[in-house]
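Here are a few notes to read alongside the model, for anyone opening it for the first time. They start with the contacts between two of the chains.

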Amino acid sequence: MTELRIEGLTKAYGPDATVLDGLDLTVPAGSLAAVLGPSGCGKTTLLRVIAGFLRADAGTVTVGDRLLAGPGTHVPPERRRIGIVPQEGALFPHLSVARNVAFGVADRAARRRRAAAMLDLVGLAGYGDRMPHELSGGQQQRVALARALAPEPALVLLDEPFNALDSALRAGVRADIRAALRATGATAVLVTHDQQEALSTADLVAVVRDGRIAQCGPPHEVYTRPADPWVAGFVGDAVLLPAHAAAGTATTALGSVELRTPAAVPEGTVILRPEQLRLTEPGGTGDTGGTVHGATVTDVRYYGHDAMVTVVADGVDTPVDIRVAGHSPFRPGDRAGVQVTGRAGFHPGRP
Amino acid sequence: MTGGRAPWVLLGPACLAGALALLPLGYLAVRALERGPGFAWSVVTTEGTAQLMGRSLALALAVVLACLILGISLAWLTVRTALPGVRAWAVAATLPLAVPSYVAAFAWLSAVPGLAGFTGSAVALTLVSYPYVYLPVAAALRGLDPAHEEAARSLGLGPVATFARVVLPHLRPAAAGGGLLVALYVLSDFGAVSLMRYDTFTRGIYVSYQASFDRTPAAALSVVLVLMTVGLVALETRTRGRRRHARTGSGTARPPVPVPLGRMTAPALAWCGAAVSAAVVFPLATLAYWLLTGQRSTWDLPRLAETAGATLGAAAAGALLTTALALPVGVVAARYRGRAAELLEQAAYAGHALPGITVALALVFFAVRYVHPIYQELPLLVCAYAVLFLPIAVTATRAAVLQSPPVLEDVARSLGHRPLRVLRTITVPLAAPGVAAGAALTFVVCMKELPATLLLRPTGMDTLATRLWTETGVGAYADAAPYAAVLILLAAVPSYLLGRHRT
Amino acid sequence: MRNPLRRFTSVLAVAALLTPLATACGGEDGDAGSDDAGIVVYSGRNEKLVQPLLDKLEKAVGTGVEVRYGGSAELAAQLLEEGDKTEADLFFSQDAGALGALAKEGRLDKLPEPVLGKVPAQFRGSGGDWVGVSGRVRVLAYNPDKVDKAPDSVRDLTKPEWKGKVGYAPTNASFQAFVTGMRVLDGEDATRKWLKGMKDNGVKAYDNNNAVLDAVDSGEVSVGLINHYYWYEKVAEKGADGVTAKLHFLPGGDPGALVNVAGVGLLKGSGQRDAALKAAEFLLSAEAQTYFSDETKEYPLAAGVTSKVPDLPPLESLKAPEIDLGKLESLQETLAMLQEAGMV
């Protein structure tokens, strides 16, 4: 059980190419953290610095009580005890599955046993004699994890490991990997640009922007209480409304909204999730009470388990997304009512 | 791309290889400046030198262009089209590697004396060196995802435009690397140009040795040749650019559907047939003619067998040492960026454009002074092969290493293996087929090498090439023919394997 | 893994490892191993021509003999590079130029007078540091079906009557030595003019002397500039009736009648001076001189040996031009001149 602690990590590829800009991150022992960010935010660089493939310009990386990178210190990758699961697995194509898994096990006598145990852990017992190209993408990915876990690393890094998988496979492999990580108690960092993946897999989500952590917290907290409008927009769909706040209530074009915390300044933006808006019959009153605002439906997107309806509310310039459960009776052009439910976050500044 | 500096376990041996390749430069510096920089400068700046340089570069340009046309067209026909007998053509197209340039030149000269001069030199050199372009281009074509071409066709480009705008750019690094080897081959060739009586820089260097017995002007001229080499290597590096390497897609690329040739089948067959006939069949036919018309064809079989054995042994040792030295250089060149890696790769090319006699004299110079026990022993000859042919193996190794994604090495290190172990367990096994191809190619060129072999071979040892030189030296072509034939047939074995090799 | 190329490479590796063994076992014939206190001969003369003779050296000298073959010029450069660390004791050169170059650098030991004295002064180094052992004469070969007789001087070949009828081998070292000789005799301007005249007269270039002789024989050209022994070898091979071409030895000290020599020099610092000297003496012995005359159809140079080859006029009867052969090393200018004339 080891904790990963990163402090003030800085890395630049040139004078105008700062990729990591004083990044701080702590991942508690035994938890799975997702580093979430758009492409180019520095998350791959972060992973390579942690693994030791790149040298940081400044800052420290500590795993447990071992300083791995810091001023005057750079432990080479092979002595860090950090396992990595790269994109698409990157299994050694010339080695059998069992030899791939046993590759990092130093104790020769234990290799076979360890490889079998790890394959068992990821649900691939009996696949040891196959060659990598004989496995499906999901199986390759699970072997890659088994290989990373086999030497009992202090930390496991997963670099967008589900990217290349079909969406149908993804959820299953994700669950298997999570279970395997849990079972070994390894601390893990998952790098991804997929917010759903981050929210559903991780214990902790760290959103990276421009080489810094924009917000770090449990998935629920990051989703429901985004630190700012950008994070809100990146971690899920967001409805941003200009608002005028007074104490615990803000006034928006859709009526007044209750705030989670009292606003410090009067002018700002209210952040809502689409599922916080409710669609009603036009002119009707919502079943929870409160004001209902008139709107025109402009688009309906059906996803099966739910649907997203875009409306233009009367007196509001920008369209607003509303998530409705199941099938929506509305069609583009219909009139409808919009009602805000629950509490909202408030940020100074206009959207 | 792995960043940062290469680890010492790689850099150390790579620097050793680079130092060996730079030995001739050290020698040239000593000799060229023997009578002061003024004298060397006066040799280099004569009008004749400029003319020779112009003639050499003109020949190199013509041969490279011809090799690109021949190599790329044959590669496309044998990899991408429904040419009848495509596999046989693919193998036949590599066989000219087995033909020594002096044999090709002699064959052409005796058939068409009017070819002597620029045309004959260009024809003979093109026909023996186009496989240097053909092999890497064919490999690159095989690695090209047909989806790119399909996308281009769907965007309204015709087959020719697709080839020019989508396929050719993809082939550029491979073609440039092959073109560089061809250019250096032409610059350093003596056999073909001397038979064809076309004056080049290398011939000028030989003449300087033969006519004035003066090593200082020869060395000064050689320095200019090295500078031309450095220029060409830099040009090639720029052409290669920041090449994206290794297709890392999870699935293998779909095998392309062969392009039906339709009405073009007959011309395509004629083109392949003409190339193979001119490059392989014709020299072999000339040898047969030598045998039939020669005065006394005494087949000294035991001697032939012994000579063939010695040739194989020396060439095998040469190929092995060259490949071993090329391995660290190729890995550094493929995996690391920066000044050191670049310089190292360029150093490997230093000896490649030098005439064999210059490299041989350089090794004479150092060996008699510092390692006299191996002077005129096999190890020194093998070292000469390594100096001469290092770039061939480096090019092959670099390409082979680039084929496998660097992330595999990252993973191996994260699993607790030191760089040397990663090299042994991951990099080398994965690159092995390509490295083996480089070894086979080096083996072939070692077998054909003449000038350095003559000066450095152990006393009493003959190779097929030196025997060929001896026999033709007194006009005993009938006696020479068996040696030439065995040389070509033996060299054809690795060439054949290279032709069948799929990267 | 079943890649044939990789298997091939494994074979290479095994072969490479076995090679030292193979060469150690295979090299038993002739050379008695380099550790023996034998002498080392660098031979610029072709193995095919002189090996039978050099095989007898061992017996004549009384020690082991190792011979390295190569081009005379390349071997000279190698000897200069080796300097006093050379293992060579004797240099057997195809031409005087290479010996002259080594002598100029002080790499050759002065030969004792009795050895030098066996050969006429014009066929040895002016400093007494090398001695010629066999000679070859520049001659004109002509086809009697085409012309009645060849001219008495090469200078005449630029005349209109010979237009398109002459063949030569411009890259041949003996031809170039002849041009150098002409420069010494007639001067630079006259030689340059002659070369230009030849070119303008449509002289035909061939790859070597054999090809020139073949062209004369077939009537492709009427006259060819060659060394005398090519004709005698051809006659020996095909019989007198099988050869149409005839030889014409140029009279009156014509530059076209130059005599080139092959010779030997003793390397300075040789630890085997006595044995090497014995080897040189052997090459001037009646046995060796007869070999040159009978086998390579060259002229014996040592006094008292005459060629037994039929029809070969004795060397003394020829009016060779008076030239210091040591001067033939200034080939550089000759080549520049040939290039200028567009001949090579």
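1. Start with chains C and B: 51 residues of chain C and 52 residues of chain B make up their contact. Two residues count as being in contact if their C-beta atoms, placed from the backbone, lie within 7 Å. On the chain C side, the elements giving two or more residues are α1 (4-26), α2 (47-54), β2 (65-69), α4 (72-82), α5 (96-104) and α13 (331-340). α1(C) gives the most, with 15 residues. Helices (H or I, at least four residues) and strands (E, at least two) are DSSP runs, numbered from the N terminus. By class, this side of chain C has 21 nonpolar, 17 polar and 13 charged residues. Here Ala, Val, Leu, Ile, Met, Phe, Trp, Tyr, Cys and Pro count as nonpolar, Asp, Glu, Lys and Arg as charged, and the others, Gly among them, as polar.

2. A word on what you're looking at: this is a predicted model, where local features need pLDDT of at least 70, side-chain atom pairs count only at pLDDT 80 or more, and totals for chains, interfaces and linings use all residues. Residues are numbered from 1 along each chain as its sequence is written, while chains are lettered from A and ligands numbered from 1 in the order in which they are written.

3. Chain A touches chain B too, with 20 residues of chain A in contact with 19 residues of chain B. Strand β7 (residues 82-85) of chain A gives the most to the chain A side, with three residues. That side divides into 13 nonpolar, four polar and three charged residues.

4. Chain A is assigned domain 1 (4-231) and domain 2 (238-348), with bounds from an automatic or database domain assignment. Their centres, taken over C-alpha atoms, are 38 Å apart. Four residues of domain 1 and six residues of domain 2 form the contact.

5. Now look for the open sheet in chain A: five strands, in the order β2-β1-β4-β5-β6, with antiparallel pairing. Strands pair if DSSP finds at least two bridges between them. β2 (18-27) and β6 (73-74) of chain A stand at the edges with a single partner strand each, so one side of each has no neighbour in the sheet.

6. Which residue stands opposite A69(A) in β6(A)? The answer is H74(A). Strand β5 (residues 66-70) of chain A pairs with β6(A) over two bridges, in the antiparallel sense.
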